[in-house]
Structure formats: C-alpha cells, structure tokens
Amino acid sequence: MRLQKYLAHAGVASRRAAEELIVRGQVRVNGKVVRELGTSVEERDNVAVDGKIVRLPTKHTYIVLHKPLGVVTTMRDPEGRRTVGDLLPKGLPRIVPVGRLDYDTSGVLLLTNDGELAHVLTHPRFGVEKTYRAVVKGKLSAGELDRLRRGMHVETFRASGAQVKVVASPPDRTVLDITIHEGRNRQVRRMLEAVGHPVRELRRLRFGPIALGALAPGRTRPATARELVRLRELVR
Ligand code: URA
C-alpha cells in the first residue's frame, strides 16, 4: 500500500495532508525518513510520524451508540429490561460497553471487543475526559460553581475539579456542560446533588475524542480511524 494511503487508513490525516507530512520529512519507515510520495509499505513495516508509531486499525470492532434513556448498559438483563445489546445491528461480533451510563442517562457510549483498550480506557489512571450536558433544578451560585470546579467531597469520595460551563438558564433550571475525568458511580448526579441542584436530565456529549454529534438516540455508527488513533494516544 502506498505510504500516504497507509497514513490515511490509520487515521493520521487525510491523504492530501499525509502527503504533506511525507514531503516535510515527518514520516519514517523502519527508522528512515521517507520523502518520496508513493513509497510502498507493508503491514509489517514500522511507520512513525513525528516519532510516534502509527498502526493500521486492527480487526477489532468499535461501535459508537447514542444510548437512549430507559436502557441498561449491559448486553443482557435478567429483569428483561431493554439493553444496549438490543440496539446493536445484527451480525456484529460480541462486543461490550466501555464503562457505563445510568439507566436514566442518555448519550455517547463506546462498545468494543478490544478488551485491552476497554480496560485502559476505564482505568482511573488514564482519566479519559467525559462531558455531560446536565439540566439541574434551580440556579447555581458563584460559590456552588466554584465548589464543582475546585473539587469536592461527595459522600464517600473526593471528586477532583470539573470544568463547568453554564449554557442556558431557563426558568427554575440551569443547563450546564460538566467535564469530569473520573467515572464513579452516578458521579455527576452526586456532585450536583451535593451542591443542592439535583439533576433532571443528563446526556453524555463526549467520551474522550468521541463526540455524540448528530447521532440520533438508539442509533449506532462505527468509530472512525481518527477517533481510535486519539483514544490510543490518550492511554499510551
Ligand atoms: N454520571 C452520572 O451521574 N451518571 C452517568 O450515567 C454518568 C456519569
């Protein structure tokens, strides 16, 4: 495969932008800078951009789901409730959710059979950023926003500081985007409850580099090569 095609497949850049990387001398094949467009590479070659190894996507499956409300984040539910497994297209290999969204939370959820990546992505050490759009009861004072931003004790744990942005203030409500990099059970709900503003609606807008975008509730799409490259970068 031609080098620029390899780079595009690996999600590094578009084919045109990949050509520029090559011409600028940012790409090495088996340790040697290659500036010729059209150089042939094989899967076993070691390709690096700016010193970082670049791999073609593996045979694993990575699916992004817009989990709707009222669905459990498991593949099967002994109580017979609707599960995320019920929403997947037929014929996929066996995949499992990376982390969990509450029954009453909607939003972006990654599912994969890449156990290694799933494990690291949910490991607290890597602290993948997650952004939630929350509709809460009442108006948050400057002091309450400050508590969320500085980090706070919530029942049994200490939540580290969150990024918080107020996006709207309808009557008796506040709509805010809150970004955390931990993933304790019902963490966002518990943090907002602790500052006196119970959550009325919660939707995850972003999981690391994967944005919900315009994906409709209950729909899926494959993760893009670029999203996978970024996810792997996060946990290197
Ligand atoms: N925080 C919550 O409170 N609920 C979720 O589903 C995810 C994060």
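Q: How many bridges join β1 to β3?
A: Three bridges join them, and the two strands run antiparallel. Strands here are DSSP runs of E, at least two residues, and helices are runs of H or I, at least four residues, numbered from the N terminus. Before we go on: this is a predicted model, where local features need pLDDT of at least 70, side-chain atom pairs count only at pLDDT 80 or more, and totals for chains, interfaces and linings use all residues. Residues are numbered from 1 along each chain as its sequence is written, and side-chain values use heavy atoms, with hydrogens and water left out.

Q: Which residue is the bridge partner of R28 in β3?
A: A48 is the partner of R28.

Q: What is the order of the strands in the sheet?
A: The order is β2-β1-β3-β4, in an open sheet with antiparallel pairing. Two strands pair if DSSP finds at least two bridges between them.

Q: And which are the edge strands?
A: β2 (32–33) and β4 (52–54), as each pairs on one side only.

Q: New topic: which residues of α2 are buried?
A: In α2 (residues 15–23), A18, L21 and I22 are buried. Buried means under 20% relative accessible area, exposed over 50%, partly exposed in between (1.4 Å probe, protein chains only).

Q: Why are they on the same side of α2?
A: Because they cover an arc of only 100° around the axis. The arc is taken from the directions from the helix axis to the C-beta atoms.

Q: What do they pack against?
A: The buried residues of α2 pack against α1 (3–9), β1 (27–29) and β3 (47–49). Contact means heavy atoms within 4.5 Å.

Q: Now E233. Where is it?
A: E233 is in helix α6 (residues 225–234).

Q: Why does E233 count as partly exposed?
A: Because its relative accessibility is 37%.

Q: How far apart are the C-alpha atoms of E233 and K52?
A: They are separated by 9.5 Å, though the two residues are 181 residues apart along the chain.

Q: Last topic, the ligand. Which residues are around it?
A: L101, D102, T105, Y132, R186, Q187, V188, R189 and L202. Each has a heavy atom within 4 Å of the ligand.

Q: What about D102 and the ligand?
A: A ligand nitrogen atom is 2.7 Å from an N or O atom in the D102 side chain.

Q: And V188?
A: There, a polar backbone atom of V188 is 3.2 Å from a nitrogen atom of the ligand.

Conventions: Polar contact = N/O pair within 3.5 Å; in protein donor to acceptor, adjacent residues only side chain to side chain.
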